Amino acid sequence: MMRYQDLSYWLSSVDEPLTPRPGLPGDTDADVVVVGAGYTGLWTAYYLAAADPTLRIVVLEKEIAGYGASGRNGGWCSALFPTSLPALARRHGRDRALAMQHAMHETVREVGRVVAAEGIDCDWRAGGTVVLARTEVQLGRARAAVAEAREHGLADADLVLLDAAEAAARCHAEGVRGGTYTPHCAAVHPAKLVRGLAAAVERRGVRLFERTPVTALRPGAAVTPAGVVRAPVVVRATEGFTPALPGQRRAVAPVYSLMVATEPLPEAAWAEIGLAERETFSDYRHVIVYGQRTADGRLAFGGRGAPYHYGSRVRPDFDREPRVFAALRRVLGELFPVLGPEVPVTHTWGGPLGVARDWAASVGLDRSTGLAWAGGYVGDGVGTSNLAGRSLADLIRGETTDLTTLPWVNHRSPKWEPEPLRWLAVNAGLRVMFSADEAELRTNRESRRAAAFNHLLGH
């Protein structure tokens, strides 16, 4: 049997053996059946059960709760949304775009509320996010991000521009020229969160069956090798694993994100690195990198860059890309030279996230079929999945609320192109972003060398 502890540092450090719950024993009836026991599926079950304890809710999971991205991500419970505020405003108007962003801000607080109310020990720390600018081009992006935020109705309290000293005071990376800070993020141990959430839904009467793969979804039923769960509402909450379902091959593209974790660092190292409030951190390069200071004193650091695999394939061996792990280790050493020439990495892992063709996350319910869905988070799912679960709970119960009128509700993304166009497009996009980042960093290094040389000459 698979050792689930080997899937990520997070799953290796939970205080439980990760023994699978019993599988579905046979055919059964429910009011709602949820496919996928990650954040999306479990939040949906949680809010449905809280709103109406009489509902018969079944959650089906191919492996164990938290097997997918929910047990392997960077641990940012953030207000980030895949579609930018300006793009939302162009499509839906300024007021609805701002309502979406404010809903994301509230989502971070809501997750913190549930964590406290349910006694989920997941190393929650609401320290915000600092995004560093380490080149002049990146500093320009930071200024533009703050200007866009102001233009669309966000205040200093939501996103503020930092000068070099202010940025370094939060995260003292090499060559920092400035950055931005938002308070709307908490660092979290993602596997402890998802496992705690699974226990919380069971306490509310939800039936959770693990090691139960779903082979087909259709109106009124989720089909498994062990039996059929019949229910008038069927929720698809499978994110990066969605293409494995019949008829869903082109719904999202599973793109891999990989991570490393260092050994626990001494306090002397943390005195130089910063992150005293456990701020999550990134920078303004094109290819996303992300990190956090864990509660046990490690740096957990990840980034995109692994290739998209032909035919939207998802396999366990794709979680391991030595070239990407080496690059992450190199970038971490460049950011924090105090780590030394050999960054002390103890864990490496990865997994797929879901990307819709228009990079737009969505949540919805087709009332004519009873089929519901949520996903396409593009790696920003820790917080967004909670908003999805609350929105689905309202939609399924037929309630009209502020959540059910948000612009992502019932949005239908176009399908991805058939292969080989999908493979060519996704991987070409990754190469372009990598090349742009390399060119910017090369220019920055050359300008710094020239400045140092001029200083020596007394110019």
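# Close-up views of a predicted model

**View A. Arg 195 and Glu 210 form a salt bridge in which the closest N and O atoms are 3.9 Å apart.** Arg 195 and Glu 210 are both buried, and for Glu 210 the relative accessible area is 0%. The two residues also take part in a network of salt bridges that includes Glu 16, Arg 21 and Glu 202. Beyond its neighbours within four places in sequence, Glu 210 is in contact with a set of residues including Thr 19, Pro 20, Arg 21, Pro 22 and Gly 23, as well as Glu 61, Glu 63, Ile 64, Ala 65 and Arg 195.

**View B. Phe 209 lies in strand E9.** Strand E9 covers residues 207-209, and the loop that holds Glu 210 runs between E9 and E10. Phe 209 is buried, with a relative accessible area of 12%. When neighbours within four places in sequence are left aside, the contacts of Phe 209 are with Pro 22, Gly 23, Leu 24 and Pro 25, and with Val 58, Val 59, Leu 60 and Glu 61. Phe 209 and Lys 62 are separated by 147 residues in sequence, yet their C-alpha atoms are 8.6 Å apart in space.

**View C. Two further salt bridges, taken from the 29 found in a search of the whole structure.** Side chains of opposite charge can pair when their charged atoms come close. Arg 204 forms a salt bridge with Glu 118, with 3.1 Å between the closest N and O atoms. Arg 204 lies in the loop between helix H7 (190-203) and E9, whereas Glu 118 lies in the loop between helix H4 (94-117) and E5, so the pair ties together parts that are 86 residues apart in sequence. Arg 204 is partly exposed, at a relative accessible area of 35%, while Glu 118 is buried, at 17%. The other pair joins Asp 6 to Arg 3, where the closest N and O atoms are 3.0 Å apart, and Asp 6 is partly exposed, with a relative accessible area of 44%.

**View D. Four strands form an open sheet in the order E1-E12-E11-E10, with mixed pairing.** Strand E1 (28-29) and strand E10 (216-218) stand at the edges, and each has a single partner strand, so one side of each is left without a neighbour in the sheet. Strands of a sheet pair through backbone hydrogen bonds, either parallel or antiparallel. Within this sheet, strand E11 (residues 221-224) and strand E12 (residues 227-230) run antiparallel and are joined by 4 bridges, and Ala 222 stands opposite Val 229 in E12.

**View E. Strand E15 (residues 280-283) is covered on both faces.** Thr 280 and Ser 282 are buried on one side, and Phe 281 and Asp 283 are buried on the other.

**View F. Strands E19 and E20 form a hairpin with 4 residues between the strands.** The pairing of E19 with strand E20 (residues 371-375) is antiparallel and extends over 5 bridges, with Leu 365 opposite Ala 372 in E20. Strand E19 (residues 362-366) is mostly covered, as 4 of its 5 residues are buried. In the hairpin, Gly 370 takes a positive phi near 80°.

**View G. A nonpolar patch on the surface is formed by Tyr 310, Leu 421, Trp 423 and Leu 424.** Together these residues have about 390 Å² of accessible area. Trp 423 is found in helix H11, which spans residues 421-457, and is partly exposed, with a relative accessible area of 34%.

**View H. Residues 446-457 have pLDDT under 50.** For this stretch the model has 5 contacts beyond four places in sequence. Where pLDDT is low, the predicted coordinates should not be read in detail. For the protein as a whole, the mean pLDDT is 93, and 93% of the residues reach 70 or more.

Note on methods
Residues are numbered from 1 along each chain as its sequence is written. Side-chain values use heavy atoms; hydrogens and water are left out. Patches are made of residues with over 30% relative accessible area and no salt bridge: like charges are joined within 9 Å, nonpolar side chains (Val, Leu, Ile, Met, Phe, Trp, Tyr) within 5 Å. Accessible areas come from the Shrake-Rupley method with a 1.4 Å probe; for residues, only the protein chains shown count as cover. A salt bridge is a side-chain nitrogen of Lys or Arg within 4 Å of a carboxyl oxygen of Asp or Glu. Helices (H or I, at least four residues) and strands (E, at least two) are DSSP runs, numbered from the N terminus. Buried means under 20% relative accessible area, exposed over 50%, partly exposed in between (1.4 Å probe, protein chains only). Two strands pair if DSSP finds at least two bridges between them. pLDDT is the predictor's confidence in each residue, from 0 to 100. Contact means heavy atoms within 4.5 Å.
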